Amino acid sequence: MALSNPLFDDIRSNIDVDPPQKEESTDVGILVNDPAQTALKPTGTVLSSVRELLECPVCLNAMYPPIHQCSNGHTICSDCKPRVHNRCPTCRHELGNIRCLALEKVAASFALPCKFKDFGCIGIYPYYNKPEHESQCSYRPYNCPYAGSECSVVGDINYLVTHLKEDHKVDMHNGSTFNHRYVKSNPQDVENATWMLTVFSCFGKYFCLHFETFQLGMAPVYIAFLRFMGEDSEAKNYSYSLEVGGNGRKMVWQGVPRSIRESHSKIRDSFDGLIIQRNMALFFSGGDRKELKLRVTGRIWKEQ
């Protein structure tokens, strides 16, 4: 599902307007779990006026205190005020340090739906509490977990799984065990790093197995780790193990998958995975040690 970001939808206000029909009031009572549940739905005229009042004329985003105004009453958000060099973008008069306290109080009387309502959030929040909720909303879309490019796609889990399969051509596997072989002809080269991603479907969830190269000090190292396609609180219900070896030796890693809310680079840089030094990787590869041939096996399980 692609992200839509309307500034205000279904704004609900404490302003005294014509009361809604009985069934509309009942719906609001079901959706609202905070003091804003008694708010009334404004008329179309009030809605249009509110959109204009609370929208910054420069960035077009919602304004939050301090809201500034010029001597003619034109408003601007605090972020944009220095960008216009203290000149009103509407009338070009000097802005000064006048705050529009009346508009700030009007804004405090409104309750709005979460901007991620199209992703499933049904909450309605007071105007000034809305940004805090949205920054942690469990329905906010996820970034694409693909690490090999700067992909800007966002969406819910099902959308991203389809995107990974169709647009990034990522391998998809069903089951909780895996056995993968990674081959690289020039293990000295990290300029063209090995970026590999495999998606596993098990326990009704999706997991991303990453394998890549990065520079640690003067030598490249290889790291494999698992990410959970969901929230961190749910990721903690699962564990995984990775094993790599050869020539009679092996290395084993066991850990907890990290949520894709965290970037793959943050996880990689925290070394939270199976890390294989280049010399050890070449030893596992056998032969003349000029070609990387690693077999990584592992499994995922759900904690009781």
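Visitor: Which residue in β18 is the bridge partner of Y238?

Guide: In this predicted model, Y238 has K302 as its bridge partner in β18. The two strands involved are β14 (residues 238-246) and β18 (residues 292-302), which pair in the antiparallel sense over seven bridges.

Visitor: In what order do the strands of that open sheet run?

Guide: The order is β10-β18-β14-β15, an open sheet of four strands with antiparallel pairing. From one strand to the next, the twist averages 20°.

Visitor: Which strands stand at the edges, and why is one side of each left without a neighbour?

Guide: The edges are β10 (177-184) and β15 (249-255). Each has a single partner strand, so one side of each lacks a neighbour in the sheet.

Visitor: And which helix packs on the sheet?

Guide: Helix α8, residues 278-285, does so, touching β14, β15 and β18. The direction of α8 makes about 100° with that of β18.

Visitor: Changing topic: where does UniProt place the RING-type domain?

Guide: The UniProt record, an unreviewed entry, places the feature "domain: RING-type" at residues 56-92. In the model, the span 56-92 is 0% helix and 11% strand, and its end C-alpha atoms lie 15 Å apart.

Visitor: What about H68, then: what is its place in the secondary structure?

Guide: H68 lies in strand β2, which covers residues 68-69. An open sheet of three strands, in the order β3-β2-β4 and with antiparallel pairing, contains this strand. Its edge strands are β3 (75-76) and β4 (98-99), each of which pairs on one side only.

Visitor: Which residue in β3 is the bridge partner of H68?

Guide: The partner of H68 in β3 is I76. Strands β2 and β3 pair in the antiparallel sense over two bridges.

Visitor: Is H68 buried or exposed, and why?

Guide: H68 counts as buried because its relative accessible area is 11%, and buried means under 20%. Leaving aside residues up to four places away in sequence, H68 touches H74, T75, I76, C77, S78, K81, I98 and R99.

Visitor: Now the whole chain: how many helices and strands does it have?

Guide: The secondary structure comes to eight helices and 18 strands. Of the 304 residues, 42% count as buried.

Visitor: Finally, what share of the contacts comes from residues 24 or more positions apart?

Guide: Such residues account for 57% of the chain's contacts with a separation of 6 or more.

Key: Residues numbered from 1 in each chain as written. Predicted model: local features only at pLDDT ≥ 70, side-chain atom pairs only at ≥ 80, totals over all residues. Heavy atoms only, no water. Buried < 20%, exposed > 50% of the residue type's maximum accessible area, 1.4 Å probe, protein only. Contact = heavy atoms within 4.5 Å. Pairing = 2+ DSSP bridges. Axes fitted to C-alpha atoms, helices over the stretch in contact; angles between N-to-C directions. UniProt positions renumbered as here; feature names shortened; annotations may be inferred.
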